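Please look over the sequence and the three-dimensional model that follow, and keep both in view while reading.

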2 protein chains.
Amino acid sequence: MTKNTNVTAEILAIGDELLYGQIIDTNSHWISQELDKIGVKVVQRSTVGDNRESILSAFKAAEKRADIILMTGGLGPTSDDLTKPLLAEYFDCDIALVPDALEAVRTFFEKRGRELTELNRLQAHLPTKCTYVPNEIGTAPGMWFEENGCVWMSMPGVPHEMKKLMQDFVLPKIKEMYLLPVIYHKIIKTVGIGESWLADLIKDWEKQLPAHIRLAYLPSLGQVRLRLTAFGASIETLQDEVELQISRLMPLIEKYVYAFGNETLEEVIGRLLKQSGKKVAFAESCSGGYISHLVTSVPGSSSYFQGGIIPYHNHFKNKLLKVDNETLSQKGAVSEETVIQMSENVRELFEADFGLASSGIAGPGGGWAEKPVGTVWIACASANRTITKKLQLTQDRILNIQLTAVAVLNMLRIEIYGKTE
Amino acid sequence: MTKNTNVTAEILAIGDELLYGQIIDTNSHWISQELDKIGVKVVQRSTVGDNRESILSAFKAAEKRADIILMTGGLGPTSDDLTKPLLAEYFDCDIALVPDALEAVRTFFEKRGRELTELNRLQAHLPTKCTYVPNEIGTAPGMWFEENGCVWMSMPGVPHEMKKLMQDFVLPKIKEMYLLPVIYHKIIKTVGIGESWLADLIKDWEKQLPAHIRLAYLPSLGQVRLRLTAFGASIETLQDEVELQISRLMPLIEKYVYAFGNETLEEVIGRLLKQSGKKVAFAESCSGGYISHLVTSVPGSSSYFQGGIIPYHNHFKNKLLKVDNETLSQKGAVSEETVIQMSENVRELFEADFGLASSGIAGPGGGWAEKPVGTVWIACASANRTITKKLQLTQDRILNIQLTAVAVLNMLRIEIYGKTE
């Protein structure tokens, strides 16, 4: 039993179908998350094909880098699956029948009313140096080795089989074998500011961070997540230290922060609306229903989402949302005046506390010098006031739709705060 | 310029956030697919952290295995991003300002009405041995190297920026540099039948395929793509052979096939509506705007999409869509009668040729014995008739929304065919 406070792991996914892009490898991502949670540092992930030389050289490279090597795939009964014979070759041992494994695979087929084929029977033959790890929900057993100063675990590529083996056997076993460091993560989610502006705003704070607290920027569409990772001996101390750092950080970026942790913008809005007992409705032109979709993706949204309307032409902006024909002809559909009327009238139509509207040129067609593609007006109407904003987005239609949604949801978030303060 | 018929590639994803499982690496999978299509064989995919030794040793290992090394990530302006300095170190060159790159990043910010920071300016400094590859939709440029007998391309980790660089520059460049084997792909897109039923339906046809034509099943939400891949010497022969096979296949599955190639269901619908000069509108309850979003994601959809309404409560189904209160109270919102009225009235309200409606229990709450979570009614109204369908979907809210959208769009597709025949 090795005891080690800086335990490293490598994840190895095996299969031609991964390299050729036939199936997505979701296993490696999931294993990464699980190891991160218990303080094992993943140093590399590799994907190789069903090829002897590639697999053997991946074994060799991995054992130089990591204490723990977790591999998925290549365990099927057909001849293109090589993981098992190559593990036996690499550790210089035979492959022999394991009676318990045969019993398990026999039971597996019996339960499903199917007969055991010769190929299935082969799955109960394992390298003699491995510890047999039963797989209750599939036919390929797990194999655990302690060889060449590393631990090795081979698992099937089928996600739910792999996850069960990890949860029932691998993760508990790793926690038992190693004295793992304490790691504390905290995510701070921001919206409405780009990565480099955010970095600029907090650079002095970043410089004074102690060495055992690391900062990462994780940008996505219109949003940046900040991740603080602290390493130490006691979770309480780490939590206190991270909270202290966050208390120094918040005054610098407070207005951009919408959540700590994994909550999405639409979930935050749902929570705030529920808390305040307020309701919302959307009039979406250029966003075409995407904002309503995001909001209604959240379970329980029917308690605060009244509904939405997508008036994709001026005629319907007038007919259904009572936008003045004069405004439409003189100011245009993409104008501050139009989104004001859209937001106020959708609020009234759906008997909501907040009415929000979008109107813009998503592209690729429809732009001109004065209003190029990417020009979007948004508005939020509430009982006391209506606020508006002009966005100048990109040339890309999908991106414009997504960025409009983020801007509208953020506008709503800020208005709800205004109302509940 | 190397000419080689057995060209290999390695994909390298860089970033702690990947290893720690904070974000999913969708890039490597997408790149795998694109390389496979042009006949480049991916031999390994590796993911390493923001760590000097890991990145340098990944460079070294990759150049031994592959002709082409495509890397993503680690190009941000912040100090944790190491790809650029390490490429300069590895190829033993300086980093210097590239005026064109500075001009591009300046224009990028000007268009968005924002000021260039010192950090942004640094993104225009590149290793002197690289060819600068402009990134029109982001701030980190692509970098192309031809060093140590390999070609290397470094791209940002943001998926849409990477994809644009691949499509505009990398893939054409690779096709120009190498004599790639002749590969002919044909995609057949089906909807409304599961993978195993489809496989059963075509198993005799599959068995008679010649060895140089491979079949792959690529299932996604409610749809299965069939991909035929043929290998040979002449593209014309391969095309003829594949077309012959398809002519044998089609009688077996014709009613499920909606496209050949990459056209999406919403694009096919757009094309059919344009061709027939017809217009459409949607009344979405359980799908919450998602169908309208899919339809309006297609450029030019304003010529056939009239609009949509999302009446998320009975009150608005009655007020805005004139569904009888009696129907709502006696049959319920999730009923055939309700979706008939919704579809007919949304068709009238939006002055459309086709009106479609969805109403169901997306979950996780709201189900009961008679109408469990996943029960969905859909309808399509046109001038002559209204058709309906009951779906029994899953326990998962997001999946139910997506599967409802696929079913509604497929119902519309079939109705348009009916109208245009």
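How many bridges join strand β16 (residues 375-381) of chain B to β17(B)? Seven bridges join these two strands, which run antiparallel, and within this pair B:Ala381 stands opposite B:Thr386 in β17(B). Strands here are DSSP runs of E with at least two residues, helices are runs of H or I with at least four residues, and both are numbered from the N terminus; two strands are said to pair if DSSP finds at least two bridges between them. Strands of a sheet pair through backbone hydrogen bonds, either parallel or antiparallel.

Before going further, note that this is a predicted model, in which local features need pLDDT of at least 70 and side-chain atom pairs count only at pLDDT 80 or more, while totals for chains, interfaces and linings use all residues. Residues are numbered from 1 along each chain as its sequence is written, chains are lettered from A and ligands numbered from 1 in the order in which they are written, and side-chain values use heavy atoms, with hydrogens and water left out.

The strands β16 and β17 of chain B belong to an open sheet of 10 strands, whose order is β17(A)-β16(A)-β15(A)-β13(A)-β14(A)-β14(B)-β13(B)-β15(B)-β16(B)-β17(B), with mixed pairing. Its edge strands are β17 (386-392) of chain A and β17 (386-392) of chain B, each of which pairs on one side only, and the twist from one strand to the next averages 10°. Such angles run from 0 to 180 degrees between N-to-C directions, taken from lines fitted to C-alpha atoms, for helices over the stretch in contact.

Another sheet lies in chain B, where four strands form an open, antiparallel arrangement in the order β10-β11-β9-β12. The edge strands in this case are β10 (213-220) and β12 (257-260) of chain B, and neighbouring strands are turned by 20° against each other on average, direction ignored. Within the sheet, strand β9 (residues 182-191) and strand β11 (residues 223-232) of chain B pair over 10 bridges, and B:Ile188 has B:Leu226 in β11(B) as its bridge partner. Helix α10 (residues 235-253) of chain B packs on this sheet, touching β9, β10, β11 and β12 of chain B, and its direction makes about 20° with that of β9(B).

We now turn to the meeting of the two chains. The contact (heavy atoms within 4.5 Å) takes 72 residues from chain A and 70 residues from chain B. The area buried between them, meaning the accessible area (1.4 Å probe) lost on being put together and summed over both parts, is about 6100 Å², of which carbon and sulfur atoms give 54%. A:Tyr20, A:Arg45 and A:Trp197 supply 11% of the area that chain A buries against chain B, more than any other three residues.

Between chain A and chain B there are two salt bridges, each being a side-chain nitrogen of Lys or Arg within 4 Å of a carboxyl oxygen of Asp or Glu; one of them joins the side chains of B:Glu351 and A:Lys319 (2.9 Å, N to O). On the side of chain A that touches chain B, strand β2 (residues 41-48) of chain A gives the largest share, eight residues. This strand pairs with strand β2 (residues 41-48) of chain B in the antiparallel sense over five bridges, and A:Ser46 stands opposite B:Ser46 there.

Conventions:
Buried area = accessible area lost by both parts, 1.4 Å probe.
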